[in-house]
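Here is a short report on one protein model. It starts with charged side chains and then moves to the sheet, the helix and the core.

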Amino acid sequence: MADHASERIRIDAPADRCFDVAIDFESYPEWAKDVKSAVIIEADDEGRGTKVEYRAAALGRSVRYVLAYDYADAPDSFSWHFVEGDMLRQLDGTYRFEAESDGSTRVHYDLSVEIAVPLPGLIKRRAAALIMGSALKELKAQVDRVK
């Protein structure tokens, strides 16, 4: 059974910059601590990754997974779903970018994770919370760097 979690953060930058950083998948290893590689396997006509293969550090191991991206609601949001990989059954999520009146952006992050190895529910929920908290903080730090 998948664990679901939602987080949000305010980033002091316009929504389009937040969106651009979030879809620059091949730069993730430079700023997302646990992502060791990200390779775009397929892209759409605008050059956005529609299928991306990742290698990440998780639970003391190197984990490989492929995500498929959907930009139907871009640039307000984009979503992804798990295609294949190690140790996971599901890794689906959405980023939403809500412009604030002061020029900042409220970024919403929703994630559903199902790990394929048996772990107590508490550890799974903590892992999901850790993924989400670090993903948003690292996104915010990267948006601040590319100003």
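## A charged pair at a turn

Glutamate 46 counts as exposed because its relative accessibility is 62%. The cut-offs are under 20% relative accessible area for buried, over 50% for exposed and partly exposed in between, with a 1.4 Å probe and protein chains only. Arginine 48 has 15% relative accessibility, so arginine 48 counts as buried. The side chains of glutamate 46 and arginine 48 meet in a salt bridge, at 3.7 Å from N to O. Such a bridge needs a side-chain nitrogen of Lys or Arg within 4 Å of a carboxyl oxygen of Asp or Glu.

This is a predicted model: local features need pLDDT of at least 70 and side-chain atom pairs count only at pLDDT 80 or more, while totals for chains, interfaces and linings use all residues. Residues are numbered from 1 along each chain as its sequence is written, and side-chain values use heavy atoms, with hydrogens and water left out.

The whole structure holds nine salt bridges. One of them joins aspartate 102 to arginine 10, at 3.0 Å from N to O. Aspartate 102 sits in the loop between β6 and β7 and arginine 10 in strand β1, so the pair ties together parts that are 92 residues apart in sequence. Aspartate 102 is partly exposed at 49% relative accessibility. Arginine 10 is partly exposed too, at 33%. A network of salt bridges links Arg10, Asp12 and Asp102.

Glutamate 53 and arginine 64 also meet through their side chains, at 2.6 Å from N to O. This pair links distant parts of the chain: glutamate 53 is in strand β3 and arginine 64 in strand β4 (residues 61–70), eleven residues apart. Glutamate 53 is partly exposed at 26% relative accessibility. Arginine 64 is buried, with a relative accessible area of 18%.

## The sheet

Seven strands form an open antiparallel sheet, in the order β1-β7-β6-β5-β4-β3-β2. The edge strands, β1 (3–11) and β2, each pair on one side only. On average, neighbouring strands are turned by 20° against each other, direction ignored. Strands (E, at least two residues) and helices (H or I, at least four) are DSSP runs, numbered from the N terminus. Two strands pair if DSSP finds at least two bridges between them.

Strands β2 (residues 35–43) and β3 (residues 49–58) pair antiparallel over seven bridges. They form a hairpin with five residues between them, and glycine 47 in the turn has a positive phi of about 80°. Valine 39 has glutamate 53 of β3 as its bridge partner. Strands β6 (residues 88–99) and β7 (residues 105–115) run antiparallel and are joined by eleven bridges. Leucine 91 stands opposite valine 113 in β7.

## Helix and core

Which residues of α1 are buried? They are Ala15, Cys18, Phe19, Val21 and Ala22. Seen down the axis of α1, these residues fall within an arc of 165°, so they line one face of the helix. The arc is that of the directions from the helix axis to the C-beta atoms.

The largest nonpolar core has 40 residues, and Tyr54, Phe78 and Tyr95 touch the most other members. Such a core is a set of buried Ala, Val, Leu, Ile, Met, Phe, Trp, Tyr and Cys residues joined through side-chain atoms within 4.5 Å. Not counting residues up to four places away in sequence, tyrosine 95 touches, among others, Ala22, Phe78, Trp80, Val107 and Leu139. Contact here means heavy atoms within 4.5 Å.

Technical notes. Axes fitted to C-alpha atoms, helices over the stretch in contact; angles between N-to-C directions.
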